[in-house]
Protein chains: 2
Amino acid sequence: MKKRRLSRPIQIGNVTIGGGAPVVVQSMTKTDTRDVKSTINQIKELEDFGCELIRVAVPDEEAAKAIKKIKKNITIPLIADIHFDYRLAISSIRSGADAIRINPGNIRDKEQIRKIVIEAKQRQIPIRIGVNFGSLPPGKTRNQNYVQYMVKVTLDQIRLLESFDFYLIKLALKAFDVPTTVAAYSSIAKKTEYPLHLGITEAGLMPSGIIRSSVGIGILLHEGIGDTIRVSLTAHPREEVKAAYEILKSLNLRQYGPVVVSCPTCGRTETDIIELAGAIEKYLQNIRKPIKIAIMGCIVNGPGEARDADVGIACGKGRGAIFRKGRIIRSVDESQYFQAIIEEIHKV
Amino acid sequence: MKKRRLSRPIQIGNVTIGGGAPVVVQSMTKTDTRDVKSTINQIKELEDFGCELIRVAVPDEEAAKAIKKIKKNITIPLIADIHFDYRLAISSIRSGADAIRINPGNIRDKEQIRKIVIEAKQRQIPIRIGVNFGSLPPGKTRNQNYVQYMVKVTLDQIRLLESFDFYLIKLALKAFDVPTTVAAYSSIAKKTEYPLHLGITEAGLMPSGIIRSSVGIGILLHEGIGDTIRVSLTAHPREEVKAAYEILKSLNLRQYGPVVVSCPTCGRTETDIIELAGAIEKYLQNIRKPIKIAIMGCIVNGPGEARDADVGIACGKGRGAIFRKGRIIRSVDESQYFQAIIEEIHKV
C-alpha cells in the first residue's frame, strides 16, 4: 500500500476528515427529509451500524428547516446536500447543518456562492465541492476530456472559495465509470491538499453496485487517496455503511466487527461450509469488536489460514479441529462445530 | 488505467490466457467430483453464466477418473486441482484434464514434480503454480516476510519446471489479506513473463467476500496485472462467475450483459427506484449482449448520467423522461415506467 496522502484536516462537528485521521464512513438518508420522524429513525439505525457522518437531501425550505429537529435527535454530524438553490444552503447552515455539499454544476452564480460562503465562514461550517460526471456545468472543453474537465471545474471552484478567504473545503469528483473516477481523484490529489470524499456515483443495485464501488474506492484507498467514503447503492443505506466498512477492513484501514475468513468449498469439502459460515456470521452481526474467524472446509489451507485468526476451524470428515491463533485447541464432532466456535469466540 | 502487462500466452483447451487476450473468467465446482452427474450439471449451469474455464478438486483416484466422463459432457476446458499426491496429477492428465494446478506447499518432492511435468509436456498441458498463503512450504525465511516468501516459493518452482524444459506455466499467489496479495502479485509480475491467475483466497461469504475480492482483484487489474480471475466465495459458484464479470465490467475490461446505472435515491426521490431498477435488472438477467441502462430518481444527475446510456429514465414527480443516448425520446406516466424502459430496450 502506498503511504496515505496527507491532506489538510477539516472538522465536521466532532469528526475529523483528513490530516491522517482514520477514513470516515458516511451515508445518505433515503427518506423524505421533511418527514422528520422517518429521517431520524433511519439515521439512528445507521448510527447503530457505525455510520459516522450523515447527509440529507435538501430539496426545499421545509427540508432545510427540518434539519433543526433532526439534529436534536441524532448524535452524528449532519451534512446538507444542496442543488440549484443557494438559499437552501444558507437555511441549512442556519438550521444547524455541520457541513454542506454544493455541486458546481448546479449553482453557478458567483455572487450566490459568495453568500453561501459568508454564512459558512461565520459558523466555521465546511463546504464539500461535490463535482459529478452526470451534472457538470457547460463548458467548451467538457466533451473533449471528462477527467480533465472534472478537475478543472473543481479547481475553479476551489479558487473561487479561496478568493473569499475560505479554506474549510472537502472535494469529491464522482462518476459511474471507475477508470474516470480514479483518474479524476488521482489528478486532484496531486493538485491540492484538501481532504477527499470518495465514491462511485449511481453505482447501482446489489451486488453489482457493491462490486463497482469496491473496485473504484479500493483502488484509490490503496493509492493512499481518500479521507472519507460513501458507497452509493440502490438499496437501504445500512447496506452502504456495511459495505464501506468491508472495503476499509479489506485494506486494513479500519477495524470494525468480525472478519470471517471462509473457504469457497470444493469437491474436497465434507461439510456444509456455506451454512456454517453463514450461521457464524449471522451470530456475530451485532458484534462491533474486531475478531477474526476462519471457517475452513479441509486441511489444504485450513490450519495455515487459521494461523492468524483468533478462532478457526478446519473441518474434516465428521470431525474438525478448533484453532486459536494457529494452535489446535481441541477436536470436535461435526454436530458440535457451531457450538464449539461460538464458545471459543466468547473466550476471546 | 495502466497498460496491461504483456504476458507470455498459454493455451488451456481452446482458451488463451495472457498475451493480450481478454481476461478469462473461471470458477471451481463445489460438488463432489466423483459425483459425475452433479458435477456436470453444475458446470453446465456455470457455462450458461459465461464461465470460461472450470476447475475441479481431485482428492483421489476415483475423482481423477471421473474427469474423463465429465469432459465428454461439457464444452469449456477443465483444470484439475491437485494437492499432496502427484499421482493424481498424472491420472488427471491421462483422463483428459486441459490443465492442472499444483501447490508447491503440498507437493514438495522434486522427483514427483518431474514425473508430473513429463506427463504434462507430452500432452502440452499447462501447469498452474498455485501458491497459497495458507499452505506455504516450510522454510527459514517464511515468517520474516510472507510476501517475499510467497514470491520466492513461486520463483523456485518456476526454475524447477524450467529445468525440465517446461514453460506452459501460469502463476497464482493468493492470500486472504488484500495488501499481501497485491504486493505478492505486483512483485512476481515484474520478475517473470508468465500469465497470472488472480484471486483472493477464502474471501468468505456474500457480500463481504465479494467486496474483498473486488478490492483485491480490482487493484491488480487496474495496475495492468492479471490474465484470468477467479472470485472465491462461500456461495454457489454462479455467484463467483457473476461477480467476476461485474469486476471486469467495472474496469471496462470485458463487456457481458447489461450494465445498470441507478441512483442511490435520497430525500429528493419521488419514485421507488430500488423496486424499478430491481425489476429492470431482473428482466435483463438472461441477456448476454452489452447494454447500458440508467435508472435515475431525479433531475440532478439523471439526464447527465443517461448521456451515454443506451436507454435511460429520469423520474420526476409522477412523470419521467425516457432517454436514448442522452436524447429525450418521450415523457411517460409513473405507471408506465417499467413498460416504457423495456420497450426501448427491445428497440436497441
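Predicted model: local features only at pLDDT ≥ 70, side-chain atom pairs only at ≥ 80, totals over all residues.

## Where the chains meet

Between chain B and chain A there are 2 salt bridges (a side-chain nitrogen of Lys or Arg within 4 Å of a carboxyl oxygen of Asp or Glu). One of them joins the side chains of R268(B) and D81(A), at 3.5 Å from N to O. The side of chain B that touches chain A splits into 38 nonpolar, 26 polar and 17 charged residues (Ala, Val, Leu, Ile, Met, Phe, Trp, Tyr, Cys and Pro count as nonpolar, Asp, Glu, Lys and Arg as charged, the others, Gly among them, as polar).

In contact terms, 81 residues of chain B meet 80 residues of chain A, with contact meaning heavy atoms within 4.5 Å.

## Rings in chain A

Y245(A) and Y256(A) make a stacked aromatic pair, 4.0 Å centre to centre with 15° between the planes. Rings of Phe, Tyr and Trp (its six-membered ring) pair if their centres lie within 6.5 Å; planes under 30 degrees apart are stacked, over 60 edge-to-face and the rest tilted. Y245(A) is buried at 3% relative accessibility, and Y256(A) is buried too, at 18% (buried is under 20% relative accessible area, exposed over 50%, partly exposed in between; 1.4 Å probe, protein chains only).

Y283(A) and F338(A) pair edge-to-face, at 6.1 Å and 85°. Y283(A) is partly exposed at 38%, as is F338(A) at 29%.

Residues are numbered from 1 along each chain as its sequence is written, chains are lettered from A and ligands numbered from 1 in the order written, and side-chain values use heavy atoms, leaving out hydrogens and water.
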